[in-house]
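Thanks for making the time this morning.

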Amino acid sequence: MNQDTSNLIGLAEKYGTPLYVYDGELIRQRYRELHTFISWPKLRIYYAMKANANVRILKLLGKEGAGLDTVSPAEVLLGLRAGFAPERMLYTANNMTDGEIREVRKTGVLMNFESLVHLEKFGSMFPGSEVCVRLNPDVMAGYFDKIKTGGALTKFGILLQDIPQVLDIAQRHRLNIVGIHEHTGSGINNSDAVLQSMRNILDAIIPEAFPGLRFVDFGGGFGVPYKPDDRRIDYATFGRHITDIFSAFCRRYGKELELCFEPGKYIVAEAGTFLVQVNNLKDNRGRLIAGVNSGFPQLIRPMFYGAYHHMDNLSNPGGKRNVYDIVGNICETGDRFAEQRELPEIRIGDYLAIRNAGAYCYAMGGVYNLRPMPSEVIVENGKDRLARRGLTNSELVEQMMGESA
Ligand code: LLP
């Protein structure tokens, strides 16, 4: 039994399951290594907190010097509470309401507009302000169709051909465009797509038309391996290409600008493990089905995207291998964490570790079937601490009772 396995079983027994466990050191390492891969002196990493908004993780990254990519007023407010200064956040929501624009404006966080309608609205509400503009890079990339964000078929960003309208709005409302932003997609395992997006955006920026730029932000999307045969991008080479492209642009622009990225998955995906316990086994005419004490509302990626999450049977790593469906406790047939997965023999009471559960797992959670979200634990320097306690059933019921209690 390796170190990782015995620690995880210890945590499952100490805190109970289901349980999210995060490796704080790996999060720090991933954040730091981006700075070694991308050697641009004015590199800024804005962690995409939508991937995992656990406050311990936010604080850890805040101490490292990260900024935050935020997408809702509550994300901004939580970021502020976690100690991030407004200057270290960027607000990139879509379909913002007037109320939302006012609420975020009050915090002093820079806003990034991705539609002409909202840029115009913001300009008339707050003429003379600084803004960031999100352009659509016209490159389609991402691990699943649902998470590709570039290209004319998606709702994101202002098309490059509409830049003249952006400039017209900015001029009429005296808006100072201090940043240009784009995001291509999530889980991109092909660095060429990101580089192509960078080129498309930078080629569209005419220095005289955008004299006030402080930064260009190329979003997130850096992929990490999920399946055993997924290859990891050669980030050192990728980083060199990024720096080359950006430095050529800055020479043309006439100023060394800040180079920003907004990774979520890259920083936290691999640092998370979701622990569940087997409490049911069926042999349905040869199809082995193992039932666990969690379900898709607590980790929805397999059901929602067909995402693969690697699994280990922590309790019986040397067992004879069989093929299983790993199913949850929710009243839907699609409630499966894995289908036809080969794993060492599973017995009632075994703990299973669902890997790469740090990004978009807890964050996309819900309480369908009225099962409260699990607790989260963070481990750093060999010490574990509760990062957020899950609600008890009665606490959830109190919440549901609301005003009728
Ligand atoms: N910046 C913007 C503007 C974004 O929309 C996103 C992700 C990111 C940064 C961070 O992307 P990342 O580095 O994490 O790939 N729920 C999906 C992923 C959705 C990503 C949405 N936007 C999943 O579970 O795969």
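Predicted model: local features only at pLDDT ≥ 70, side-chain atom pairs only at ≥ 80, totals over all residues.

Residues are numbered from 1 along each chain as its sequence is written, and side-chain values use heavy atoms, with hydrogens and water left out.

By that scale, aspartate 312 is partly exposed at a relative accessible area of 28%, whereas arginine 355 is buried at 17%. Their side chains meet in a salt bridge, 2.8 Å from N to O, where the term stands for a side-chain nitrogen of Lys or Arg within 4 Å of a carboxyl oxygen of Asp or Glu. The two partners sit 43 residues apart, with aspartate 312 in strand S13 and arginine 355 in the loop between strand S16 and S17; helices (H or I, at least four residues) and strands (E, at least two) are DSSP runs, numbered from the N terminus.

The count of salt bridges comes to 22. One of them pairs glutamate 380 with arginine 28, their closest N and O atoms being 2.6 Å apart, and this pair links strand S17 to helix H2 across 352 residues. Glutamate 380 itself is partly exposed, at 22%.

Let me turn to the ligand. Which residues come nearest to it? Of the 19 residues around the ligand, they are Ser186, Glu262, Lys265, Arg301 and Tyr360, where near means that a heavy atom lies within 4 Å. A polar side-chain atom of glutamate 262 lies 2.6 Å from a nitrogen atom of the ligand, while ligand oxygen atoms are 2.8 Å from a polar backbone atom of glycine 221 and 2.9 Å from one of glycine 264. Taken alone, the ligand exposes 580 Å², of which the protein buries 91%, areas here coming from the Shrake-Rupley method with a 1.4 Å probe.

Why does the ligand lie between two domains? Domain 1 (3-20 + 270-404) and domain 2 (24-267) both give residues to the shell around the ligand, so the ligand lies between them; those bounds come from an automatic or database domain assignment.

Terms used
Polar contact = N/O pair within 3.5 Å; in protein donor to acceptor, adjacent residues only side chain to side chain. Buried < 20%, exposed > 50% of the residue type's maximum accessible area, 1.4 Å probe, protein only.
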